[in-house]
Amino acid sequence: MNFLKYLTFLFFFCNTKSLKGQVIKSLKADKNQNVGDIRFDRNIDLPLFKVCSENDVPQYYSVNGGYHGGRSEILRLAKKRLSLPAPSNLNAIDGFITIRFIVNCDGKSSRFRVLQVDKNYKTTQFDKSQVSAILKFTESLKDWKIGKTHQKPTDYYQYLTFVIQNGKTTDILP
């Protein structure tokens, strides 16, 4: 590993620890995984968070998952609770911060992962305090629907994408 790659790794590793969520560096799936699978990582994930079926976690849209009140409720809560600090540098990045996570069969969320891309969809790094505020807001959302498969509660993958322009959140998707 050359010195520059080592420094980049250390930078991501240090930021990951302080953000309590893993910064995604690659979307490439590991062996025996699908793209976007979130495996338990004892270094960053809560050990008490349990999923019903570790190897079969569907996407939110296939199990009628999502947030009670939908996107409009998340936007309402964001207006009330989410305030991004001004970027520490003068060059605010426009782009997207996506928080991907699992909602378990009890409607609890955890295993947060962070993907940051600029407006051209190239991997970037937003101001650490802004990412931390977005992650904290996402973790604070507690009214997730319980997904169902064949009328049985199931876990599911969920994500929120925060659109950032001029250092401010202008929209939240989906």
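1. Basis of the note. Residues are numbered from 1 along each chain as its sequence is written, and side-chain values use heavy atoms, with hydrogens and water left out. Because the model is predicted, local features need pLDDT of at least 70 and side-chain atom pairs count only at pLDDT 80 or more, while totals for chains, interfaces and linings use all residues.

2. Overall fold. The chain holds 3 helices and 7 strands, where helices (H or I, at least four residues) and strands (E, at least two) are DSSP runs numbered from the N terminus. Along the sequence they follow the pattern α-β-α-β-β-α-β-β-β-β. Of the 174 residues in the chain, 41% are buried; buried means under 20% relative accessible area, exposed over 50%, and partly exposed in between (1.4 Å probe, protein chains only). Taking contact as heavy atoms within 4.5 Å, 70% of the contacts between residues at least 6 apart in sequence join residues at least 24 apart.

3. Partners of S2. Two strands pair if DSSP finds at least two bridges between them. S2 pairs with S3 (residues 109–118) in the antiparallel sense over 8 bridges, with Val117 as the bridge partner of Phe96. The hairpin of S2 and S3 has 5 residues between the strands, and Gly107 there takes a positive phi near 80°. S2 also pairs in the antiparallel sense with S6 (residues 156–165), over 9 bridges; in S6, Thr161 stands opposite Thr98.

4. Nonpolar cores. A nonpolar core is a set of buried Ala, Val, Leu, Ile, Met, Phe, Trp, Tyr and Cys residues joined through side-chain atoms within 4.5 Å. The largest has 27 residues, and Ile99, Trp144 and Phe162 have the most contacts inside it. H2 (70–81), S2, S3, H3 (128–140) and S6 each supply at least two residues of this core, and H3 gives the most, with 5 residues. A second, separate core of 6 residues includes Ile38, Val51, Val57 and Tyr157. Leaving aside neighbours within four places in sequence, the contacts of Ile99 include Phe112, Val114, Ile134, Leu135, Leu160 and Phe162.

5. Helix H2. With the expected span taken as 1.5 Å times one less than the number of residues, the 12 residues of H2 should span 16 Å; the end C-alpha atoms are 17 Å apart, which agrees. The buried residues of H2 are Ile74, Leu77 and Ala78. They cover an arc of only 105° around the axis (from the directions to the C-beta atoms), so they lie on the same side of H2. These buried residues pack against H3, S6 and S7 (168–173). The face turned away carries the exposed residues Ser72, Lys79 and Lys80.

6. Disulfide. Counting pairs of cysteine sulfur atoms within 2.5 Å, the model has 1 disulfide. It joins Cys52 and Cys105, their sulfur atoms 1.8 Å apart. The link of Cys52 and Cys105 is right-handed, with 90° about the S-S bond. Cys52 lies in the loop between S1 (22–23) and H2 and Cys105 in the loop between S2 and S3, so the pair ties together parts 53 residues apart in sequence. Cys52 is partly exposed, at 46% relative accessible area, whereas Cys105 is buried, at 14%.
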